[in-house]
Amino acid sequence: MSAASTPLLDEYRLDGDGLEVQNPASGDHVATVKDYSVDEVEAAIAAAKAAMPAWAARTAKDRAGVLRRWFTLIMDHQEDLAQLVTAECGKPLAESRGEVAYGASFVEWFAEEGKRAYGEVIPTHNPAARIVVVKQPVGVVSAITPWNFPVAMITRKAAPALAAGCPMIVKPAEATPLSALAIEKLALDAGLPEGLFKIVTTREPAKIGEVLTTHPDIRKISFTGSTAVGKILMRQAAGTVKRTSMELGGNAPFIVFDDADLDKAVAGAIASKYRNAGQTCVCANRFYVQSGIYDAFVTKFSEAVAALKVGDGVVDGTDVGPLINSAAMEKVSGLVKSAMNAGADAIVGGAPAGIGGNFYQPTVLANTTPDMEISSAEIFGPVAPVFKFEDEADVIALANSTPYGLAAYFYARDLGRVWRVAEALEYGMVGVNEGILSTEVAPFGGVKESGIGREGARQGLDEYLETKYMLMGGL
Ligand code: ADP
């Protein structure tokens with residue numbers, strides 16, 4: 001079934017004016033969806049507020065039942081949803097299927113974890129009183145999500161919010177509203193009461209974003225996107241002291257030490273760098289390879305990169321799809337050109353793929369130096385700059401010399417080094433001899449300007465719970 005005809009979407013499609021969705025591989029028009037007004041978003045907030053008490057009053061097991069049905073429906077529609085993801089965001093179908101399963105895994109996980117929102121009883125300071133601590137839902141939550149994981153970045157927020165008892169209003173990225181609308185429909189089909197999970201699509205993110213960060217009935221904003229926009233949203237949210245969760249940009253180092261298993265390091269590098277054409281916030285951005293293994297790594301890595309197939313994500317065997325739009329092409333091309341002008345060598349790639357549209361060649365740049373813009377910019381494209389380093393202390397300093405602190409990766413076998421480096425890296429997540437670390441069971445998130453809060457794991461549920469201390473006196 002083609003994405004353009006999926007039944008999940010038919011009720012949302014508009015003939016008239018609205019938010020237009022384009023296929024980044026072909027440039028074709030995929031659909032037009034509603035462009036929400038401020039009044040309509042305010043009505044959605046009012047509906048969420050009205051729906052919350054009954055939902056929060058249900059038992060966690062009861063809420064879990066609804067979430068569990070939602071999980072099952074998402075997986076029943078895995079193929080349809082994957083087609084939509086590829087149609088609007090471009091990633092290869094195999095990756096889209098993986099994303100749908102990954103997105104659904106949060107719904108399954110938090111259906112269970114919602115049952116464990118434990119409080120505590122604290123030994124008292126006063127014989128005539130008892131101290132009880134309970135966890136309560138934060139309230140109505142808003143979310144703003146990016147286009148690179150149009151399903152998973154929504155479920156990773158909505159599932160814990162709903163499990164905790166909070167309604168959520170989500171503004172998806174302009175490029176990818178269709179998968180969001182499809183999972184909203186599946187939530188309603190699963191029996192989620194109206195008003196609790198609302199997708200508001202818009203052509204004007206700043207206008208709707210302002211409502212979602214300033215409205216007094218919103219208690220929390222959860223955002224995934226760029227650090228620049230995250231800072232705007234935090235400033236806006238400050239006016240009413242909303243809680244925030246921020247999953248922001250990254251500049252992930254990927255370090256290969258002399259004692260690494262070379263084949264595993266190359267496989268991890270490919271997975272970390274070229275997934276979603278390099279368009280994830282945890283994609284390796286800077287490769288640091290120790291001098292003794294540098295040439296061998298560059299050779300093997302380049303061979304593997306040269307074998308990657310670029311093309312439309314719907315074509316079987318495609319490894320690397322298009323970039324999201326022409327602005328992304330310009331940015332990636334500009335970074336590569338400026339590195340090459342400053343002395344970097346393109347061992348593989350180094351230019352647009354020459355098949356039209358937004359396709360860029362998977363690229364390996366050798367002889368890159370830390371002063372080049374490509375070492376500090378978030379590349380968000382299939383380009384791997386490979387730097388040479390000599391010793392451990394230097395590479396730790398280089399890896400940490402960024403305002404970002406989301407994910408870091410390194411390959412080494414010496415046990416002492418593994419512990420030293422893992423502890424010294426100022427990052428929220430460290431992959432040791434692994435190039436992919438996202439899973440619903442572990443806390444995802446960054447430090448420094450990469451964000452605040454964690455998603456997934458039990459920490460992900462805490463983001464939607466308040467702690468209330470009750471002193472039971474007069475005993
Ligand atoms: P990216 O570079 O990945 O597109 P952005 O931070 O620009 O990252 O976008 C992530 C999300 O933030 C998208 O849903 C986008 O619509 C939204 N967004 C962008 N600018 C604003 C803004 N000023 N206010 C609210 N949301 C915004």
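**Close-up 1. Leu81, Leu84, Val85 and Glu88 of helix H3 meet Pro177, Leu178, Ser179, Ala182, Ile183 and Leu186 of helix H6.** Welcome to this predicted model; we start with a pair of packed helices. Helix H3 covers residues 78-89 and helix H6 covers residues 177-189. Their axes lie 8 Å apart and the helices pack at an angle of about 160°. Angles over 145 degrees count as roughly antiparallel, and H3 and H6 are therefore roughly antiparallel to each other. Sorted by class, the contact of H3 with H6 holds eight nonpolar residues, one polar residue and one charged residue.

**Close-up 2. Helix H4 (residues 93-113) and helix H5 (residues 152-164) cross at roughly 10°.** Here the two axes come within 8 Å. Because angles under 35 degrees count as roughly parallel, H4 is described as roughly parallel to H5. On the H4 side, look for Glu99, Tyr102, Gly103, Phe106, Val107 and Phe110. Their partners on H5 are Ala152, Met153, Thr155, Arg156, Ala159, Pro160 and Ala163. This contact of H4 with H5 has nine nonpolar residues, joined by two polar and two charged ones.

**Close-up 3. The ligand has 16 residues around it, and Thr145, Trp147, Lys171, Glu174 and Ser226 come nearest.** Three of these contacts can be followed atom by atom. Glu174 places a polar side-chain atom 2.3 Å from an oxygen atom of the ligand. Thr145 takes part through its backbone, where an N or O atom lies 2.6 Å from a ligand oxygen atom. For Trp147, an N or O atom in the side chain is 3.1 Å from an oxygen atom of the ligand. How much of the ligand does the protein bury? Taken alone, the ligand exposes 550 Å², and the protein buries 77% of that.

Methods
Residues numbered from 1 in each chain as written. Predicted model: local features only at pLDDT ≥ 70, side-chain atom pairs only at ≥ 80, totals over all residues. Heavy atoms only, no water. Axes fitted to C-alpha atoms, helices over the stretch in contact; angles between N-to-C directions. Helix = DSSP H or I, 4+ residues; strand = E, 2+ residues; numbered from the N terminus. Parallel < 35°, antiparallel > 145°, perpendicular 65-115°, else oblique. Contact = heavy atoms within 4.5 Å. Nonpolar A, V, L, I, M, F, W, Y, C, P; charged D, E, K, R; others polar. Near = heavy atom within 4 Å. Polar contact = N/O pair within 3.5 Å; in protein donor to acceptor, adjacent residues only side chain to side chain. Areas by Shrake-Rupley, 256 points an atom, 1.4 Å probe, with all protein chains shown as cover.
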